[in-house]
Amino acid sequence: MNFSNAQFVTSFGKLSQLPPSDRPEICFSGRSNVGKSTLINKILNRKSLARVSSVPGKTVTINFFSLDGIYLADLPGYGYAKVSKGEKRAWSGLIGGYLADERRQLALVIQLVDMRHAPSKDDLQMINYLIDSELPFIIVLTKADKLNKSERASRMQAFTEEIPCFEDIVTVPFSAVTGEGVEEVRAIIEDASAEFEAYEDEDEEAEDEFAEDITDESADNAPRPCVDDSGFLIPRRDK
Ligand SMILES: Nc1nc2c(ncn2[C@@H]2O[C@H](COP(=O)(O)OP(=O)(O)OP(=O)(O)O)[C@@H](O)[C@H]2O)c(=O)[nH]1
Ligand SMILES: [Mg+2]
């Protein structure tokens with residue numbers, strides 16, 4: 001994938017404007033100010049393709065960027081205290097609606113959590129939603145440059161108690177300042193896109209087989225979560 005050849009495509013402020021995916025998408029979710037737009041710029045080698053807010057809570061749209069046959073979607077940041085209830089409702093509707101939209105070809109959710117702090121109530125709600133909905137996701141721990149070695153070790157220990165299934169989730173410490181984690185996130189994006197394409201093909205074959213086996217009572221195609229070799233939480237079908 002050529003990460004230096006991405007383009008801004010479009011922004012959506014309303015769920016009703018969102019067309020179905022025509023290619024796999026990878027989205028970035030997290031609190032306002034956690035560093036979503038900064039991370040996107042960093043992995044795409046750009047200064048300001050994704051707008052970095054001086055005012056928290058500024059990104060109130062879903063912004064799409066195209067990258068070698070996939071889209072990256074910068075979701076609006078949640079959890080900023082100083083906005084009206086109406087605005088909060090609009091944001092959670094947009095984020096929740098996007099994630100639950102079955103017309104999306106969601107290859108991966110990259111959930112950002114500030115490495116310096118315990119996850120917020122909203123972060124935990126998001127993480128629990130991602131686990132329950134069986135969407136493939138990883139957690140990127142942002143602003144790693146702001147912690148020294150011992151602070152980092154104690155936060156990592158604390159996360160194991162604060163975040164459900166933390167040890168089963170792929171986590172990447174990240175810093176836009178030092179460049180830590182940049183290559184790892186790029187590699188994960190590449191893998192997730194390739195895995196998604198392969199899974200789609202496999203899924204189509206499984207559906208064909210299921211159609212043939214439909215009278216066989218032992219055929220159980222109910223989706224179930226599993227952790228594959230690479231550690232992704234991925235919904236799979238029993239064969
Ligand atoms: N030191 C440090 N600062 C960072 C890092 N990533 C982001 N920041 C700073 O954090 C602030 C917020 O970053 P954004 O990328 O705008 O955050 P966002 O998640 O896109 O915020 P919203 O668009 O409001 O949801 C900016 O001042 C960034 O410069 C990092 O890795 N290290
Ligand atoms: Mg932003």
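Predicted model: local features only at pLDDT ≥ 70, side-chain atom pairs only at ≥ 80, totals over all residues.
Just after helix α1, N45 takes a positive phi of about 55°, where helices are DSSP runs of H or I with at least four residues, strands are DSSP runs of E with at least two, and both are numbered from the N terminus. Residues are numbered from 1 along each chain as its sequence is written, while chains are lettered from A and ligands numbered from 1 in the order in which they are written.

Let me stay with α1 for a moment. Of its 8 residues, 8 are buried, so the helix is largely enclosed by the rest of the structure; by buried I mean that 20 or more other C-beta atoms, placed from the backbone, lie within 10 Å of a residue's own, whereas exposed means 12 or fewer and partly exposed is in between. Among these buried residues are K36, T38 and I43.

The loop between α1 (36-43) and β3 (62-67) holds R51, which is partly exposed because 15 other C-beta atoms lie within 10 Å. R51 and T38 are 13 residues apart in sequence, and their C-alpha atoms are 8.0 Å apart in space.

Now to the sheet. It is an open sheet of 7 strands with mixed pairing, in the order β1-β3-β4-β2-β5-β6-β7, and two strands are taken to pair if DSSP finds at least two bridges between them. The edge strands, each pairing on one side only, are β1 (7-12) and β7 (171-173).

Which way do the side chains of β4 point? I70, L72 and D74 point one way and Y71 and A73 the other, and all are buried; with 5 of its 5 residues buried, strand β4 (residues 70-74) is largely enclosed by the rest of the structure.

On one pairing, β4 runs parallel to strand β2 (residues 25-30), with 4 bridges joining them, and here A73 is the bridge partner of C27. With β3, the pairing of β4 is antiparallel over 5 bridges, and I70 is the bridge partner of L67. These two strands, β3 and β4, form a hairpin with 2 residues between them, and D68 in the turn has a positive phi of about 40°.

Finally, strand β5 (residues 106-114) and strand β6 (residues 137-142) run parallel and are joined by 6 bridges, with L141 of β6 as the bridge partner of V113.
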